Amino acid sequence: MKKLLSFLCIFTMVFSLTACGGQSGAGNGSEEEPPASQTVHSQEPEQTESHGQPFEENSKGQAEQENKETADTEAVDTPKEAEGSHVLVVYFSATGTTKALAEYAADAMGADIYEIVPDEPYTEADLDYGDSKSRSSIEQNDETARPAISGSVENMEQYDTVFLAYPIWWGEAPRIVYTFMESYDFSGKTIAPFCTSGGSGIGSSAKNLHSLAASDTTWLDGERFGSGSSREDMVSWINGLGLDVTAE
Ligand SMILES: Cc1cc2nc3c(=O)[nH]c(=O)nc-3n(C[C@H](O)[C@H](O)[C@H](O)COP(=O)(O)O)c2cc1C
């Protein structure tokens, strides 16, 4: 009986030690929860590694984030960018007056700008309207004259509104502007002409250019500006046209 009791006692001790050992393991485990979080922590370096390794992943993540940001920005900026990208200001200027006004217009609308550059530049003598034999006089007297243009507008298709600016020569647009009109298809586009002059109005110049455009071109009333016209004058004219473009 004494032996049996001793055996039972030993058995009970061994059993409870074993059980304690198990619990102790679990207890360690739970104590090692921080280590467990170290494991998460230790995954961070892995992630860092994977940041490093897959710059792809990182780059991709960044790219996605950037794309998202770009998309967000685009979503916000789209109307403005669209306005800027679908309007083109085209000008011909022999002595700089029209150029300045065209630049006001393009800048005010955030529009693209294109200069009609003659293949053969006009010299001072060419522009001498007091000389009936000067190049400008000869060209303006010849309805069929089409002075060549150097260069061209890239992707005219992308523009739906074209501001067309030129100086008045003998009451009309210089013939090189006719060359420009005949070089592109303005179907479905809106054209807003404006001119500069020493005093003459836009007169029949715009009407004659209009006759060179496709029948489905929307032709707006033109405006004449003088050398003293300001940016504000230009902005106010543009904003009065009723276009979905705002000049500032
Ligand atoms: C050949 C030639 C003819 C011109 N004919 C006229 C005209 O008929 N009426 C007018 O008011 N100004 C006339 N001008 C003056 C210009 O229209 C004016 O100076 C214009 O603003 C010049 O623009 P630009 O500097 O962009 O070339 C003429 C100028 C030249 C060179």
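Trainee: In this predicted model, where is the place of asparagine 155, and is this residue buried or exposed?
Mentor: The place of asparagine 155 is in the loop between strand 4 and strand 5. Its phi is positive, at about 55°, although the residue is not a glycine. Because a residue with 12 or fewer other C-beta atoms within 10 Å counts as exposed, and asparagine 155 has 8 such neighbours, asparagine 155 is exposed.

Trainee: Tryptophan 170 also has a positive phi although it is not a glycine; in which loop is tryptophan 170 found, and how many other C-beta atoms lie within 10 Å?
Mentor: The phi of tryptophan 170 is about 50°, and the residue is found in the loop between strand 5 and helix 6. Its class is partly exposed, since the number of other C-beta atoms within 10 Å is 14.

Trainee: Which residues of helix 6 are buried, and against which elements do they pack?
Mentor: Helix 6 covers residues 175-183, and its buried residues are Arg175, Ile176, Val177, Tyr178, Phe180 and Met181. These buried residues pack against strand 1, strand 3 (117-118), helix 5 (135-141), strand 4 (149-150), strand 5 (161-167) and helix 7.

Trainee: Why do buried residues of strand 1 lie on one side and on the other?
Mentor: In a regular strand the side chains alternate between the two faces of the sheet.

Trainee: How many bridges join strand 1 to strand 5, and which residue of strand 5 is the bridge partner of valine 89?
Mentor: Strand 1 and strand 5 run parallel and are joined by five bridges. Within strand 5, the bridge partner of valine 89 is phenylalanine 163.

Trainee: How many bridges join strand 1 to strand 2, and which residue of strand 2 is the bridge partner of tyrosine 91?
Mentor: Strand 1 (residues 87-91) and strand 2 (residues 112-115) run parallel, with four bridges between them. One of the pairs joins leucine 88 to aspartate 112. For tyrosine 91, the bridge partner in strand 2 is glutamate 115.

Trainee: What unit do strand 1, helix 4 and strand 2 make?
Mentor: Strand 1 and strand 2 run parallel, and helix 4 takes up residues 97-109. Together, strand 1, helix 4 and strand 2 make a β-α-β unit that is right-handed.

Trainee: Which element gives the largest share of the shell around the ligand?
Mentor: The shell has 21 residues, of which Ser93, Thr95, Thr97, Thr98 and Pro167 come nearest to the ligand. By class, the shell divides into 13 polar residues, seven nonpolar and one charged. The largest share, three residues, comes from helix 4.

Trainee: Where does glycine 198 lie, and what distance separates its C-alpha atom from that of proline 167?
Mentor: Glycine 198 lies in the loop between strand 6 (190-196) and helix 7, and this glycine is exposed because it has 10 other C-beta atoms within 10 Å. Along the chain, glycine 198 and proline 167 are 31 residues apart, and the separation of their C-alpha atoms is 9.0 Å.

Trainee: Is alanine 214 buried or exposed, and which residues is it in contact with, leaving aside its neighbours within four places in sequence?
Mentor: Alanine 214 is found in the loop between helix 7 (205-210) and strand 7 (218-219), and it counts as exposed because it has 11 C-beta neighbours inside 10 Å. Serine 187 is 27 residues from alanine 214 in sequence, yet their C-alpha atoms are 5.3 Å apart in space. Beyond four places in sequence, the contacts of alanine 214 are Asp185, Phe186 and Ser187.

Trainee: Over which residues does pLDDT stay under 50?
Mentor: For the chain, the mean pLDDT is 76, and 66% of the residues reach 70 or more. The stretch where pLDDT stays under 50 has nine contacts beyond four places in sequence in the model, and this stretch is residues 1-84.

Trainee: What percentage of the residues of the chain count as buried?
Mentor: The secondary structure of the chain comes to eight helices and eight strands. Among contacts with a separation of 6 or more, 75% join residues 24 or more positions apart. Of the 248 residues, the share that counts as buried is 25%.

Terms used
Residues are numbered from 1 along each chain as its sequence is written. This is a predicted model: local features need pLDDT of at least 70, side-chain atom pairs count only at pLDDT 80 or more; totals for chains, interfaces and linings use all residues. Helices (H or I, at least four residues) and strands (E, at least two) are DSSP runs, numbered from the N terminus. A residue is buried if 20 or more other C-beta atoms lie within 10 Å of its own, exposed if 12 or fewer, and partly exposed in between; C-beta atoms are placed from the backbone. Two residues are in contact if their C-beta atoms, placed from the backbone, lie within 7 Å. A residue is near a molecule or strand if its C-beta atom, placed from the backbone, lies within 6 Å of it. Ala, Val, Leu, Ile, Met, Phe, Trp, Tyr, Cys and Pro count as nonpolar, Asp, Glu, Lys and Arg as charged, and the others, Gly among them, as polar. pLDDT is the predictor's confidence in each residue, from 0 to 100. Two strands pair if DSSP finds at least two bridges between them. A crossover is right-handed if, with the strands pointing away from the viewer, the path from the first strand over the helix to the second runs clockwise.
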